[in-house]
There are 2 protein chains.
Amino acid sequence: MKCFVTGGAGFIGSSMIDRLLADGHQVCCYDNMSSGQERFLDNARKSADFTFILGDLLDAEKLAASMAGSDIVFHFAANADVRHGSEHPRRDLDQNTIGTYNVLAGMLAHNIRKIVFSSTGSIYGECKVVPTPEDAPFPVQTSLYGASKLAGEGLISAFCEAFQIRAWIFRFVSILGERYTHGHVYDFCRQLFEDPGHLKVLGDGTQRKSYLYVQDCVDAILHALDKATERVNIFNLGTDEYVQVSDSIAAICKELGATPKLEYSGGDRGWIGDNPFILLDCSRIRTLGWKPKFTINESIIKTVKFIDQNRWVFDARS
Amino acid sequence: MKCFVTGGAGFIGSSMIDRLLADGHQVCCYDNMSSGQERFLDNARKSADFTFILGDLLDAEKLAASMAGSDIVFHFAANADVRHGSEHPRRDLDQNTIGTYNVLAGMLAHNIRKIVFSSTGSIYGECKVVPTPEDAPFPVQTSLYGASKLAGEGLISAFCEAFQIRAWIFRFVSILGERYTHGHVYDFCRQLFEDPGHLKVLGDGTQRKSYLYVQDCVDAILHALDKATERVNIFNLGTDEYVQVSDSIAAICKELGATPKLEYSGGDRGWIGDNPFILLDCSRIRTLGWKPKFTINESIIKTVKFIDQNRWVFDARS
């Protein structure tokens with residue numbers, strides 16, 4: 001099939017593209033390179049089935065024109081900076097909500113009827129039900145990032161109802177693995193490479209979070225796309241385990257052979273809107289026959305190895 | 001207090017303004033007059049405490065400047081055309097989601113920390129739990145209108161978390177009463193005035209809906225504003241009863257002395273995204289001590305009387 005991948009030069013997008021090409025599909029990558037990395041496309045560019053278009057989701061005309069002839073959209077482009085939303089409150093609205101609207105409008109214009117969307121467990125806010133299922137009690141939003149993704153989900157679902165589109169929406173935990181370029185493992189590695197004797201930690205180290213390895217994430221999406229047949233298919237995506245930040249630090253330090261003095265910023269959350277306990281109930285996608293191949297600990301180690309061997313990622317984002 | 005009312009020339013907004021002025025508050029009405037009515041402000045304009053600014057929510061600069069000095073925002077401006085969302089899919093995004101963002105940005109610019117927001121029971125989609133409580137299972141959106149209001153709620157909640165704003169969010173059933181200018185009673189009256197012998201009905205007449213009288217709605221909002229003290233206060237707003245469309249038709253026809261031949265379009269819903277059974281669980285606001293003074297049937301009769309005595313509303317909207 002002809003796949004249109006927004007944010008295809010990013011962490012998850014480029015991992016999906018490599019898989020789609022390996023599976024024999026044609027892929028068009030649309031990315032504004034605001035956080036995407038040229039090197040993540042090195043493999044894809046070797047394929048005759050790959051094309052790249054430099055463009056922004058907010059350039060609705062270019063976006064729509066670029067989508068012509070596609071069978072399915074993998075919509076991964078987003079501002080994924082959940083921590084600093086309050087410093088630039090318009091960015092999530094623009095990139096995540098209006099951007100998603102523009103993708104949907106482009107699909108209508110070119111009669112494309114399938115969309116895969118990367119949503120987030122952040123839309124559950126601070127849900128009292130943990131592990132949190134897809135039909136958890138109606139959440140109250142606590143972050144601009146979560147709010148913008150919820151708005152994206154809402155737009156997609158309403159378009160599905162009105163225009164006979166089908167959607168596969170995935171509410172991710174944090175994803176780890178090769179090409180990972182932001183988040184706590186990235187931050188900790190950067191600090192430890194600069195000074196292995198000292199590590200600043202947001203919060204008090206007790207925050208409990210769930211993570212998923214990027215190749216497991218790609219597997220899960222393609223599995224659900226194949227097996228789930230509703231008009232709107234919504235899935236949590238994570239492992240059945242969680243780790244404390246302090247466990248994560250221990251794994252990173254062990255892998256790097258570092259024994260830093262830890263400096264906690266304090267409090268039970270790292271930033272505004274941070275949820276101190278994230279664990280998603282993933283039984284819905286598990287019943288389709290998918291399960292993760294890697295544990296959180298294995299994912300962390302793979303991530304540290306990637307960062308250690310690709311220190312250019314710090315320059316690329318600094 | 002100094003109240004800033006968006007959509008203040010509309011049905012609910014103008015009813016709120018009259019109440020706020022009667023209660024001794026200062027009111028600034030901001031409206032683009034796209035569906036607002038000059039006559040709805042006749043009473044307000046007699047007050048020295050009333051000012052009017054002609055402006056659109058999408059004119060973010062004018063909006064923010066107009067809000068300077070306000071203590072609280074009553075954000076009622078919206079595209080409320082839930083039925084025809086799929087004919088102009090961008091309108092809900094612009095007026096309801098981006099418009100709400102602009103209101104919030106204006107509040108930040110002028111240090112305004114309280115917002116009242118008119119949301120909708122439509123955000124529950126086709127909830128399986130009826131009567132539907134505020135913490136119903138996480139809904140899937142079925143209309144662009146509902147999706148845009150959900151996005152507005154999410155933005156408001158996230159701003160509350162990030163910027164110490166307090167919000168009172170109300171998920172309305174359909175509101176009836178004086179100044180009502182769209183919806184099924186309006187449509188039926190218009191048809192019956194043109195031809196008392198014939199009435200076209202969307203759906204099969206079995207759709208069950210709940211309604212609330214506009215003065216009860218205004219009472220409820222001010223009651224909750226006084227009594228509810230959370231950072232984000234979310235309330236369903238309706239009566240504990242519902243009527244079938246066919247009951248509603250009977251009440252309207254009786255009031256007008258009409259005996260039309262009924263022509264049903266068929267199906268269990270009137271339009272894309274129409275929910276065949278809307279009944280909200282309003283126990284949360286009931287526990288604060290508010291209850292509606294009027295039944296649905298009384299609301300319908302009041303609405304028919306208003307329309308009958310104010311037939312200019314048809315010209316104003318045609």
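How many residues of chain B are in contact with residues of chain A? The count is 30 residues of chain B against 30 residues of chain A, where contact means that the C-beta atoms of two residues, placed from the backbone, lie within 7 Å.

A word on the model. It is predicted, so local features need pLDDT of at least 70 and side-chain atom pairs count only at pLDDT 80 or more, while totals for chains, interfaces and linings use all residues. Residues are numbered from 1 along each chain as its sequence is written, and chains are lettered from A in the order in which they are written.

Back to the two chains. On the side of chain B that touches chain A, the elements giving two or more residues are α3 (89–109) and α4 (144–163) of chain B; helices are DSSP runs of H or I with at least four residues, numbered from the N terminus. The largest share, twelve residues, comes from α4(B).

The same surface serves both copies, since 100% of the contact residues of chain B recur in chain A.

Finally, inside chain A. There is domain 1 (2–175 + 211–237) and domain 2 (177–210 + 240–317), with bounds from an automatic or database domain assignment. Their contact takes 37 residues from domain 1 of chain A and 31 residues from domain 2 of chain A.
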